[in-house]
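Here's a quick tour to read with the model open in your viewer. We'll start with a strand and its partners, move on to a helix, and finish with a couple of loop spots.

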Amino acid sequence: MNAQNGTVAESLTPPFVAAIFSDTAIVRHLEGEGRRPSDEMVSMAPTQSGFLGLETSRDEKGRWLSVCYWRDMAAYNGWRNACVDRMAAIYPDAHLESLCQIRVATVDRPVQPQRRKHLKADTPAPTSEHPDKIGRLLNAFPAIAEFFGHAHVR
């Protein structure tokens, strides 16, 4: 997959699945591990059936945000299940959901190339439902999904 002239999402033919993920705040408190949980997930993705591509970026605070693209929900679920097993082996006292925040979207229409498109929402996301930092990421998900085209959140 070559996305030299744009994003991986722009080069894919819908439908496909986008899994957007990042480490949770709990990861800062884990001791003795050299790799973050999301590093493990990124490393595992290309070895899984149905993998279409991967993009990573840092937000304005330096936190990593990754997006894995999958042929369909079955392929995404296969990768997720492999990640659950891997996290259990590395972090036996923590579940995948406590280590990584994951949101999944099915993209049904082509992602149009955008100039100067960014992950910043036009308006601040409401934080009343999730006042913590992870909650702000959850509330920002519609803007992230919009970045990758018209997506339906699942």
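Strand β3, residues 64-70, is mostly covered, with 6 of its 7 residues buried. Keep in mind that you're looking at a predicted model. On one side of the bookkeeping, β3 pairs with β1 (residues 16-23); it also pairs with β2 (residues 51-58).

**β3 and its partners**
- β1 and β3 run in the antiparallel sense, and their pairing takes in 5 bridges.
- To find your place in that pairing, look for Ala18, which stands opposite Tyr69 in β3.
- β2 and β3 also pair in the antiparallel sense, here over 7 bridges.

**Helix α3**
- α3 covers residues 73-90, which is 18 residues, and spans 25 Å from its first C-alpha to its last. That's close to the 26 Å expected at 1.5 Å a residue.
- Asp72 caps the N-terminal end of α3, with a side-chain oxygen 3.2 Å from the backbone nitrogen of Ala74.
- Which residues of α3 are buried? They're Ala75, Tyr76, Trp79, Ala82, Cys83, Met87 and Ile90.
- Look down the axis of α3 and those buried residues fall within an arc of 140 degrees, so they line one face of the helix.
- What do they pack against? The buried residues of α3 pack against β1, α2 (37-44), β3, α4 (96-99) and β4.
- Turn to the face of α3 that points away from its buried side and you'll find the exposed residues Ala74, Asp85 and Ala89.

**Two loop spots**
- Pro15 belongs to the loop between α1 (8-11) and β1.
- The peptide bond joining Pro14 and Pro15 is cis, with omega at about 0 degrees.
- Arg109 is in another part of the chain, in the loop between β4 (100-107) and α5 (133-147).
- Is Arg109 buried, partly exposed or exposed? Its relative accessibility is 44%, so Arg109 counts as partly exposed.
- Arg109 and Leu12 are 97 residues apart in sequence, yet their C-alpha atoms are 9.9 Å apart in space.

Key: Residues are numbered from 1 along each chain as its sequence is written. This is a predicted model: local features need pLDDT of at least 70, side-chain atom pairs count only at pLDDT 80 or more; totals for chains, interfaces and linings use all residues. Side-chain values use heavy atoms; hydrogens and water are left out. Helices (H or I, at least four residues) and strands (E, at least two) are DSSP runs, numbered from the N terminus. Buried means under 20% relative accessible area, exposed over 50%, partly exposed in between (1.4 Å probe, protein chains only). Two strands pair if DSSP finds at least two bridges between them. The expected span of a helix is 1.5 Å times one less than its number of residues. The arc is that of the directions from the helix axis to the C-beta atoms. Contact means heavy atoms within 4.5 Å. A polar contact is a pair of N or O atoms within 3.5 Å; within protein, one must be able to donate a hydrogen and the other to accept it, and residues adjacent in sequence count only if both atoms are side-chain atoms.
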